[in-house]
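Please look over the sequence and the structure shown below before reading this briefing. The notes that follow are grouped by topic.

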Amino acid sequence: LASWVGFSNLPNQVHRRSVRRGFQFVAMVVGESGLGKSTLINTLFETRLYQPKHIPAPGEDRGKTVQIESISADIEENGVRLKLTVVDTPGFGDFVNNDECWKPIVDNIEARFDAYLEQENRVNRLKLTDNRVHACIYFIQPTGHSLKPIDIEFMRRLHTKVNLIPVIAKSDTMTDDEIVVFKQRILADIAHHGIRIFQPPQYENEDEETIQENEEIISKVPFAVVGSDHLVNGLDGRQVRGRSYPWGVIEVDNEEHCDFVKLRQMLVRTHMEELREHTNDVLYENYRTDKLKAMGV
Ligand code: GDP
Ligand code: MG
């Protein structure tokens, strides 16, 4: 695989340990059908992790619950090994009654915590397989209004269990001004409902460049993303990943056009280790403590 992902360039010393051992990273995508989850994953990891799926005809039974599907790939970059797993959740929000569509997702996240806990309790704990979900990318429909009840319910149920990374799906369908306003509304809704999304830590003892890079990432949340798995003629005539319209071209990798680059930077370069640490030190630790208490330990 080409060396484009960037995880082998992890900047901080904290990352060295993981870099030596090789590491595991699990990202989950959640959001209503058609919001571009599979496309974005392919755009992020440039591999064809996803094969075209069978789309059920109307009336065909497509199951009554959210499906959980997980796909893994071993990626090696500059001698650093990463086992990347993507967990997809087709079916979310697709049913007549979506009241409990967060439930299978919580169950899946907790089952992964349980599997980790079980390994920790073994006598030989040298090689733990870490299949805990380290980041959950939540796709918000580009309505321009505000969050929907299903969004709020999902995030309220999940924010203590997983690093939530909200993104505005298909942001090429909105104008820049609409995106600015929509982002503010989303953040206001999130604050109003007391939802805790993943906050990249504010750096102090880092170099100026790192601090600035970090602030830029923070300023883009929720990331307005565009996914595309095909090439189009870019502005300067080169072939670029993007989507073309009668009025012009949206380039996925152009920071003037969308926040895809910032999202990828955060996930695989600047904050992968923070996402893993927060999952282990806070989210998993809280789960574990509650579980042991409930068992009377
Ligand atoms: P999923 O159901 O959430 O996995 O959505 P898919 O990735 O299968 O995408 C559904 C449709 O939306 C496909 O026709 C994609 O080509 C299209 N699509 C995906 N991402 C984008 C995007 O960022 N912008 C636009 N306009 N269309 C997109
Ligand atoms: Mg899909």
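How many cavities of 30 Å³ or more does the structure hold? The structure holds two of them, where a cavity is a set of points, on a 1 Å grid over the protein atoms alone, at which a 1.4 Å probe fits but cannot get out. This is a predicted model, in which local features need pLDDT of at least 70 and side-chain atom pairs count only at pLDDT 80 or more, while totals for chains, interfaces and linings use all residues. Residues are numbered from 1 along each chain as its sequence is written, and side-chain values use heavy atoms, with hydrogens and water left out.

**Confidence**
- The protein chain has a mean pLDDT of 86, with 86% of its residues at 70 or more, pLDDT being the predictor's confidence in each residue, from 0 to 100.
- Over residues 52-56 the pLDDT is below 50, and this stretch has five contacts in the model beyond near neighbours in sequence, a contact meaning heavy atoms within 4.5 Å.
- Where pLDDT is low, the predicted coordinates should not be read in detail.
- The model scores are ipTM 0.99 and pTM 0.89.

**The second largest cavity**
- The second largest cavity contains about 40 Å³ of space, a volume being the space filled by probe spheres set on grid points that are joined across faces, edges and corners.
- Its lining includes His159, Arg196, Phe198 and His278, and lining residues have an atom within 4 Å of a point.
- By class, five nonpolar, three polar and one charged residues form this lining; Ala, Val, Leu, Ile, Met, Phe, Trp, Tyr, Cys and Pro count as nonpolar, Asp, Glu, Lys and Arg as charged, and the others, Gly among them, as polar.

**Two helices in contact**
- Helix H7 (residues 260-270) packs against helix H8 (residues 272-294) at an angle of about 70 degrees, with the axes 5 Å apart; axes are lines fitted to C-alpha atoms, for helices over the stretch in contact, and angles run from 0 to 180 degrees between N-to-C directions.
- H7 and H8 are therefore roughly perpendicular to each other, a term that covers angles of 65 to 115 degrees.
- Helices (H or I, at least four residues) and strands (E, at least two) are DSSP runs, numbered from the N terminus.

**Backbone details**
- Valine 221 and proline 222 are joined by a cis peptide bond, with omega about -5 degrees.
- Proline 222 lies in the loop between helix H6 (208-220) and strand E6 (223-224).

Definitions and conventions. Chains lettered and ligands numbered in written order. 1 Å grid on protein atoms, 1.4 Å probe; cavity = no way out; pocket = protein on both sides within 12 Å on 5 of 7 lines; lining within 4 Å. Parallel < 35°, antiparallel > 145°, perpendicular 65-115°, else oblique.
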